[in-house]
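This report goes through the fold and a few local features of one protein chain. Please have the sequence and the coordinates at hand.

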Amino acid sequence: MARRTAVLAGIALIASTALTACSTENPDSGTAPGPGAKPDGEIVLGFAQVGAESGWRTANTKSVQEAAKKAGITLKFSDAQQKQENQIKAIRTFIQQRVDVIAFSPVVESGWDTVLKEAKDAGIPVILTDRAVDTQDTSLYKTFLGSDFVKEGRSAGEWLTAEYADDKGPVNIVELQGTTGSAPANDRKAGFAEVIKGDGKFEVIASQTGDFTRAKGKEVMQAFLKSHKDIDVLYAHNDDMALGAIQAIEEAGKQPGKDIKVISVDGIKDAFVAMTQGKINVVVECNPLLGDQLMDLTEKVAAGEDVPARVETEEGVFPQAEAEAALPGRRY
Ligand code: GZL
């Protein structure tokens, strides 16, 4: 009997070990000792990234990974491939692994209260980076680090109204929106509309999501060009969609930046190159290099220190004439 029990126990041990090994979802699997300062001062940060949809996102990921290394913070990183359910799964994994701090860029604004409450109940502080969430309960996160997207939209609108100050119109605008439901898409649209609504000559004749990607931006611009022969301006919520749309405009035999003015947001190097080629007229900068600030906030939050409710990044507006001089200094 004893031998049989021993064999069964052995099988159970092997099975449980195998389950634990495949149940973790992160490359650097394993369970952190748990929230709160550790004797050796190690901090484990769980970071749930949106995806890898754009040049901006790639630069943001690189900034976070390099900053964690520099700060000696152990980073558990997940890429949600632009799916909210994957980000929620990643946050739940970080909770199971009992990381010290969770940070993420919410792919969309709504639907986060439940999982953020789970993190709060587990005593794990959360930092929002880049994008915001729409919640009544601001106790669910410690701070927001990122840009003011409404201001970016307003800057785009202000450039347009100045550009067409002496033009009686009509000025027909097509708009490539970012990911549906995301804070940058909602806010960049709102800020832009707020500025142009004051002058009846501006009309947004078509507005559709290009999901922040080059491929989708090109595809939607092709459709815009097919259904509208009188487009004067493209307002793209990010450079990747603008660069995709530029291909569509050229394939339609028109000159981007001249026949159709192009306004874009982000400020990646490729957009500055397009401005030097006369294909984009203005870029509203959105800074992805949040890594060092995020690590500083992570250390403070892990130590239980107070942090500001909102930490906004510095960013500018670059008209085409400034692109040549600015390009060598661009960091992403
Ligand atoms: C903005 C960021 C947006 C960028 C896009 O902070 O969330 O997501 O503008 C990126 O390029 O995909």
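The model discussed here is predicted.

Is N238 buried or exposed? The relative accessibility of N238 is 1%, so N238 counts as buried, the limit for that class being under 20%. Apart from residues up to four places away in sequence, N238 touches S54, F212, S264, V265 and D266.

## Overall make-up

The protein chain has 11 helices and 12 strands. Of its 332 residues, 50% are buried.

Among contacts in the protein chain with a separation of 6 or more, 76% are between residues 24 or more positions apart.

Strand β1 covers residues 44-49, and six of the six are buried, so β1 is largely enclosed by the rest of the structure. The burial applies to both faces: V44, G46 and A48 lie on one side, and L45, F47 and Q49 on the other.

Which strands pair with β1? One is β2 (residues 74-79), which pairs with β1 in the parallel sense over six bridges; in this pairing, G46 stands opposite K76 of β2. Another is β3 (residues 101-104), which runs parallel to β1 and is joined to β1 by four bridges. Here F47 has A103 of β3 as its bridge partner.

## Aromatic rings

A pair of aromatic rings is described by the distance of the centres and the angle of the planes. With ring centres required to lie within 6.5 Å, the count comes to five aromatic pairs. One of them is formed by Y164 and F202, with 6.3 Å centre to centre and 90 degrees between the planes, and is edge-to-face. Y164 is in the loop between α5 (149-163) and β6 (171-177), while F202 is in strand β7 (residues 202-209), so the pair ties together parts that are 38 residues apart in sequence. Y164 counts as buried at 10% relative accessibility, and F202 counts as buried at 8%.

A charged side chain also lies over a ring: R330 is over the face of F318, at 5.0 Å from the ring centre.

G181 belongs to the loop between β6 and α6 (183-196). With a relative accessible area of 29%, G181 is partly exposed. Setting aside neighbours within four places in sequence, G181 is in contact with V108, E109 and N186. G181 and S110 are 71 residues apart along the chain, and their C-alpha atoms are separated by 7.7 Å.

A325 is part of helix α11 (residues 323-326). The relative accessible area of A325 is 69%, so A325 is exposed. How far apart are A325 and T276 in sequence and in space? They are 49 residues apart in sequence and 9.5 Å apart in space, taken from C-alpha to C-alpha.

Key: Residues are numbered from 1 along each chain as its sequence is written. This is a predicted model: local features need pLDDT of at least 70, side-chain atom pairs count only at pLDDT 80 or more; totals for chains, interfaces and linings use all residues. Side-chain values use heavy atoms; hydrogens and water are left out. Rings of Phe, Tyr and Trp (its six-membered ring) pair if their centres lie within 6.5 Å; planes under 30 degrees apart count as stacked, over 60 as edge-to-face and the rest as tilted. Helices (H or I, at least four residues) and strands (E, at least two) are DSSP runs, numbered from the N terminus. Buried means under 20% relative accessible area, exposed over 50%, partly exposed in between (1.4 Å probe, protein chains only). A charge sits over a ring if NZ of Lys or CZ of Arg is within 6 Å of the ring centre and within 35 degrees of the ring normal. Two strands pair if DSSP finds at least two bridges between them. Contact means heavy atoms within 4.5 Å.
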